[in-house]
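Please read it alongside the sequence and the coordinates shown below.

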Amino acid sequence: MSIARSTKVLALGFAASGVVHLVKPEVYEPLMPSWVPAHREVIIGSGFAELACAAGLVLPPTRKLAGWASAALLVGVFPGNIQMAVDASRTNNTAFKAAAFGRLPLQVPMIRAALRATRSSS
C-alpha cells in the first residue's frame, strides 16, 4: 500500500517547518505565548520533533506512531497559532491578519491527516 497523499503533504509541511525552526528560530519567537518558558529551546525542540514526525510518516514501520505524535504536536503548537492571531488582530497589517487567522482552521485537516496515518497498514 502506498503512502496516502494527505500523509505526504503533512510530512512535507513538517519537514519544511522543522528546517525553518532550526535555521531561523527567531521567526517563531513572536508566536510563543508568554507562559511558555525557554522560548528558543522550545522552538528548536519543536523543529526536531517536526523533522522526526516527517521522517516517521514516510517510513511504513513508524507511520502509525508518527501519526499519533504528529497529532499531538499539532495540538501542542496550537497555542502559538492562537497567539499569532491575537497579535495580528492588534495590527493594521491585513495580510498578516489573513495569514494568522487563516491558519487556525488548517489545524483540523492537518490533525485529520495525522490521525489517518495512524490507520495506515503499510
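The structure is a predicted model. Its largest nonpolar core has 13 residues, its largest pocket has a volume of about 620 Å³, and a search of the whole structure finds three salt bridges.

**Nonpolar cores**

- Within the largest nonpolar core, which has 13 residues, L10, F14 and L57 are the residues with the most contacts inside it.
- At least two residues of this core come from each of helix 1 (5-23), helix 2 (39-58), helix 3 (63-89) and helix 5 (107-118).
- Helix 3 gives the most to the core, namely four residues.
- Another core, of 10 residues, lies apart from the largest one; M32, V36, A88 and L104 are among its members.
- As general background, nonpolar side chains in soluble globular proteins tend to be buried together.

**Residues L57, F14 and S70**

- Once its neighbours within four places in sequence are left aside, L57 is in contact with I3, T7, L10, A11, F14, R63, A66, G67, S70 and A117.
- F14 lies in helix 1, and its relative accessible area of 4% falls under the 20% limit, so F14 is buried.
- Not counting residues up to four places away in sequence, F14 touches E50, L51, C53, A54, L57, S70, L73 and L74.
- F14 and G76 are separated by 62 residues in sequence, and their C-alpha atoms are 14 Å apart in space.
- S70 is found in helix 3 and is buried, with a relative accessible area of 0%.
- The contacts of S70, again not counting residues up to four places away in sequence, are L10, F14, C53, L57 and A114.
- L10, F14 and L57, the residues with the most contacts inside the largest core, are each touched by S70.

- A38 lies in the loop between helix 1 and helix 2.
- The phi of A38 is positive, at about 50°, although A38 is not a glycine.
- In general, most residues other than glycine have a negative phi.
- A38 is partly exposed, with a relative accessible area of 44%.
- A69 is found in helix 3 and counts as partly exposed, at 33% relative accessibility.
- A69 and E26 are 43 residues apart in sequence, and the distance between their C-alpha atoms is 24 Å.

**The largest pocket**

- The volume of the largest pocket is about 620 Å³.
- The pocket is lined by 31 residues, and E50, V77, N81, R103 and Q107 are the ones that lie nearest its centre.
- Helix 1, helix 2, helix 3 and helix 5 each supply at least two residues of this lining.
- Sorted by class, the lining comprises 19 nonpolar, nine polar and three charged residues.
- E50, one of the lining residues nearest the pocket centre, is also among the residues that F14 touches.

**Salt bridges**

- Three salt bridges are found in a search of the whole structure.
- E26 forms a salt bridge with K24, in which the closest N and O atoms are 3.2 Å apart.
- In this pair, E26 counts as partly exposed at 35% relative accessibility, and K24 likewise counts as partly exposed at 43%.
- The side chains of R40 and E29 meet in a salt bridge with an N to O distance of 2.7 Å.
- R40 lies in helix 2 and E29 in the loop between helix 1 and helix 2, so this pair ties together parts that are 11 residues apart in sequence.
- R40 is partly exposed, with a relative accessible area of 37%, and E29 counts as partly exposed at 29% relative accessibility.
- R90 and D87 also meet through their side chains in a salt bridge, at 3.6 Å from N to O.
- At 64% relative accessibility, R90 is over the 50% limit and therefore counts as exposed.
- D87, its partner in the salt bridge, counts as partly exposed at 23% relative accessibility.

Note on methods: Residues are numbered from 1 along each chain as its sequence is written. This is a predicted model: local features need pLDDT of at least 70, side-chain atom pairs count only at pLDDT 80 or more; totals for chains, interfaces and linings use all residues. Side-chain values use heavy atoms; hydrogens and water are left out. A nonpolar core is a set of buried Ala, Val, Leu, Ile, Met, Phe, Trp, Tyr and Cys residues joined through side-chain atoms within 4.5 Å. Buried means under 20% relative accessible area, exposed over 50%, partly exposed in between (1.4 Å probe, protein chains only). Contact means heavy atoms within 4.5 Å. On a 1 Å grid over the protein atoms alone, a cavity is a set of points where a 1.4 Å probe fits but cannot get out, and a pocket is an open set with protein on both sides within 12 Å along at least five of seven lines; lining residues have an atom within 4 Å of a point. Grid points are joined across faces, edges and corners, and a volume is the space filled by probe spheres set on the points. Ala, Val, Leu, Ile, Met, Phe, Trp, Tyr, Cys and Pro count as nonpolar, Asp, Glu, Lys and Arg as charged, and the others, Gly among them, as polar. A salt bridge is a side-chain nitrogen of Lys or Arg within 4 Å of a carboxyl oxygen of Asp or Glu.
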